[in-house]
Amino acid sequence: MRWGLLVFAVGCAAAAPAAEPPREPANLMDSETFATRISGLRATLARSDIAIDTDPVLETCAGDHHGPASRCMRCDVATRENTGGVDPSLIDGVALAFAAYPPAFLDAAKLEHVALCRSIRWQDGDKRPPAGVAISDQRRLMISVEYFVDGSPLYEDFTISQVVHHEVFHLFDRATSGAKSDREWATLNPRGFEYRDPAVSAATRPAGFVNTYATTNELEDRATVFEYLLGQPRRLCEIADEDPVVAAKVAAVWRRVARVVGVKLLRQHAPCVDWIGKKKERKPAKRAVRLQIAPP
């Protein structure tokens with residue numbers, strides 16, 4: 001009797017539905033494209049003996065220049081599974097930015113690790129995540145693609161290559177000068193100016209600075225000048241032609257880089273900067289603007 005009831009029960013039971021394969025998030029980069037782009041970045045970095053981080057999550061409290069040393073952050077490393085909305089050209093942009101540097105520059109910056117992050121988050125709840133972070137104690141850079149997802153950069157004309165240049169200079173600056181306080185740099189600023197972190201928002205560029213963010217502190221000021229030298233040289237020359245303080249800051253950064261690795265890198269990327277070494281260094285010649293049409 002038990003057996004017959006069991007057979008009847010089984011015969012009447014509804015068939016279990018077939019399990020559906022998990023659905024992929026929308027707009028993911030295809031596997032081959034992602035693998036190819038990451039391999040290209042890895043190969044570029046390997047030329048200078050720099051490793052690309054592959055751990056899914058990196059957490060650190062050791063950032064150099066974003067507030068107190070105790071402030072912690074988290075990088076979710078970019079994987080194919082979290083590339084929704086990410087243009088493959090972003091990865092190429094990071095690789096091309098690093099390819100611009102001679103090995104001597106990256107050696108001087110003491111760079112050994114690069115993390116390509118889907119996002120970087122402060123763990124204290126700050127809603128203003130950084131586009132990049134330099135960590136000199138770990139000889140590491142973190143670069144976030146979040147700012148450029150769906151082709152919508154946070155700032156006009158802001159590129160992921162500029163993030164690379166900005167953060168690389170932080171390492172270079174720390175490795176070659178070793179100090180956050182810079183008397184020479186302080187003398188270049190407008191009289192009475194004081195840095196403020198966070199920088200005060202402004203509708204127009206502050207006199208003496210390439211943008212508002214540069215008013216955060218000396219480190220960001222110098223890194224932003226270098227970022228423009230390599231990433232927006234034409235715009236930098238336009239600013240410097242009208243702003244003698246910016247022109248003097250360009251000359252100061254130029255000299256510091258040239259002392260370590262020469263001028264080839266700078267002249268290749270910023271041919272419009274032709275006033276370095278001239279007597280009136282604080283006000284470049286007008287022809288600097290006319291030359292800005294030359295390719296960087």
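This is a predicted model: local features need pLDDT of at least 70, side-chain atom pairs count only at pLDDT 80 or more; totals for chains, interfaces and linings use all residues.

Me: Where do Cys61 and Cys72 lie?
Reply: Both lie in the loop between β2 (57–60) and β3 (73–77), so the pair ties together parts that are 11 residues apart in sequence.

Me: What's a disulfide, in general?
Reply: A covalent bond between the sulfur atoms of two cysteines.

Me: How accessible is Cys61, and how accessible is Cys72?
Reply: Cys61 has 37% relative accessibility and counts as partly exposed. Cys72, at 21%, counts as partly exposed. The cut-off for buried is under 20%.

Me: How many disulfides does the structure hold?
Reply: Three. Another joins Cys75 to Cys117, S to S 2.1 Å. That link of Cys75 and Cys117 is left-handed, with -105° about the S-S bond. Cys75 lies in strand β3 and Cys117 in strand β4 (residues 113–122), so they tie together parts 42 residues apart in sequence.

Me: Are Cys75 and Cys117 buried or exposed?
Reply: Cys75 and Cys117 are both buried.

Me: What about Cys237, which cysteine does it pair with?
Reply: Cys272, with S to S 2.0 Å. The link of Cys237 and Cys272 is right-handed, at 85°. Cys237 sits in helix α8 (residues 233–242) and Cys272 in the loop between α10 (264–269) and α11 (287–290), so the pair ties together parts 35 residues apart in sequence.

Me: Buried or exposed, Cys237 and Cys272?
Reply: Cys237 is buried, with a relative accessible area of 0%. Cys272 is buried too, at 2%.

Me: And what's the pairing in sequence order?
Reply: Number the bonded cysteines along the chain and the pairing is 1-2, 3-4, 5-6.

How values were computed: Residues are numbered from 1 along each chain as its sequence is written. Side-chain values use heavy atoms; hydrogens and water are left out. A disulfide is a pair of cysteine sulfur atoms within 2.5 Å. Helices (H or I, at least four residues) and strands (E, at least two) are DSSP runs, numbered from the N terminus. Buried means under 20% relative accessible area, exposed over 50%, partly exposed in between (1.4 Å probe, protein chains only).
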